[in-house]
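Please look through the sequence and the model below before reading on.

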Amino acid sequence: MSTERSAAPFDPAAVPIKDASTVLLIRDSDRGVEVFLQRRVVGMDFAGGMTVFPGGGVDPSDSVASVRWAGPPVAWWAERFGSTEARAQALVLAAVRETFEECGLLLAGPTEDTVVADTTPYAQARRRLEARELSFGDFLEAEGLAVRTDLLRPRANWITPLGERRRYDTHFFVAAVPEGQRADGDTSEAEHVQWRTATEALEDWKSGASILLPPTWAQLTSLTGYASIADALADEVVIEPILPIMSRNDDGQIRISFVDDEGYYTGGPHPWASRTDV
């Protein structure tokens with residue numbers, strides 16, 4: 001009798017949905033509003049090789065951390081997200097933490113109306129945070145820093161469609177780069193980083209120079225409507241969850257459908273061009 005076991009069939013409904021935060025870091029330039037973009041390392045389990053904004057999953061410690069909080073209270077964020085206060089805090093802290101880990105920008109300061117101008121003294125702590133050897137709450141407390149949540153604005157909420165093997169409930173934020181700070185590519189998750197206007201980034205995608213997931217494409221498309229950082233931050237976007245639908249055509253190819261997706265499929269390459277693994 002064979003002792004080999006066949007692999008259990010993939011059950012899409014059993015895939016857990018994890019909370020995540022992503023931040024559109026923007027700055028003014030002579031060419032218009034620029035946004036910071038990363039091309040993820042090809043071998044990564046999720047979105048490998050894709051061009052994305054900095055971000056990542058919520059850490060369990062993000063929801064229970066005791067931090068100095070400057071800006072809209074947790075209750076305000078919970079109302080905007082339609083969530084509990086613990087979850088809202090976790091999403092905001094994850095946004096600030098992931099931004100620091102992935103590109104070295106820190107939306108925090110020693111007082112409620114200041115922000116650090118140079119993050120290089122925190123380089124060692126940054127590496128420990130990325131390695132999960134240090135919690136973000138402990139880092140902020142040790143350095144005497146308050147989280148500047150007033151530098152963030154809620155932007156969107158996208159949920160990975162049913163059928164993917166990794167699923168995330170991702171909240172998007174937008175934030176201006178603090179004066180004096182510089183974003184970098186010193187992270188193990190990105191092989192290339194760059195500043196581009198939204199129009200330039202979309203042109204890159206149309207030419208085949210990059211691959212964009214639907215949420216990234218949608219946010220870049222929305223950024224083309226702003227003439228300045230002030231315009232983008234002043235726009236009070238209504239946050240409604242977007243859950244795309246995964247389907248398969250007669251040729252077995254996958255399509256991810258969402259509202260106003262025509263431009264996505266007629267403009268440039270997408271990750272499912274040759275996939276048939278639903």
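## Terms and basis

A residue is called buried when its relative accessible area is under 20%, exposed when that area is over 50%, and partly exposed in between, as found with a 1.4 Å probe and protein chains only. Helices (H or I, at least four residues) and strands (E, at least two) are DSSP runs, numbered from the N terminus.

This is a predicted model, in which local features need pLDDT of at least 70 and side-chain atom pairs count only at pLDDT 80 or more, while totals for chains, interfaces and linings use all residues. Residues are numbered from 1 along each chain as its sequence is written, and side-chain values use heavy atoms, with hydrogens and water left out.

Helix H6, which covers residues 214-223, is mostly covered, since 8 of its 10 residues are buried. Among them are Pro214, Trp217, Gln219 and Leu223.

H6 also gives the most to the lining of the second largest pocket, with 5 residues. A pocket here is an open set of points on a 1 Å grid over the protein atoms alone, with protein on both sides within 12 Å along at least five of seven lines, and a lining residue has an atom within 4 Å of a point. The space in the second largest pocket is about 350 Å³, where a volume is the space filled by probe spheres set on the points. Its lining has 17 residues, and those nearest the centre are Ala156, Trp158, Ala218, Gln219 and Ile242. Strand E8 (152-159) and H6 are the elements that give two or more residues to this lining. By class, the lining of the second largest pocket holds 10 nonpolar, 4 polar and 3 charged residues; Ala, Val, Leu, Ile, Met, Phe, Trp, Tyr, Cys and Pro count as nonpolar, Asp, Glu, Lys and Arg as charged, and the others, Gly among them, as polar.

## A sheet of three strands

Strands of a sheet pair through backbone hydrogen bonds, either parallel or antiparallel. In this model 3 strands form an open sheet in the order E5-E7-E6, with mixed pairing; two strands count as paired if DSSP finds at least two bridges between them. Strand E5 (68-70) and strand E6 (108-109) are the edge strands, each pairing on one side only. E6 pairs with strand E7 (residues 146-148) in the antiparallel sense over 2 bridges, and Gly109 has Ala146 in E7 as its bridge partner.

## Nonpolar cores

A nonpolar core is a set of buried Ala, Val, Leu, Ile, Met, Phe, Trp, Tyr and Cys residues joined through side-chain atoms within 4.5 Å. The largest one has 35 residues, of which Leu106, Phe139, Leu152 and Phe173 touch the most other members. Helix H2 (85-103) is one of the elements that each supply at least two residues of this core, and H2 gives the most, with 8 residues. A second, separate core of 30 residues includes Ile26, Val35, Leu37 and Ala176.

Contact means heavy atoms within 4.5 Å, and, leaving aside neighbours within four places in sequence, Thr170 is in contact with residues including Ser21, Ala156 and Trp158.

Gly55 lies in strand E4 (residues 55-57) and is buried too, with a relative accessible area of 13%. Not counting residues up to four places away in sequence, Gly55 touches Ser21, Thr22, Glu98 and Glu102.

Key:
1 Å grid on protein atoms, 1.4 Å probe; cavity = no way out; pocket = protein on both sides within 12 Å on 5 of 7 lines; lining within 4 Å.
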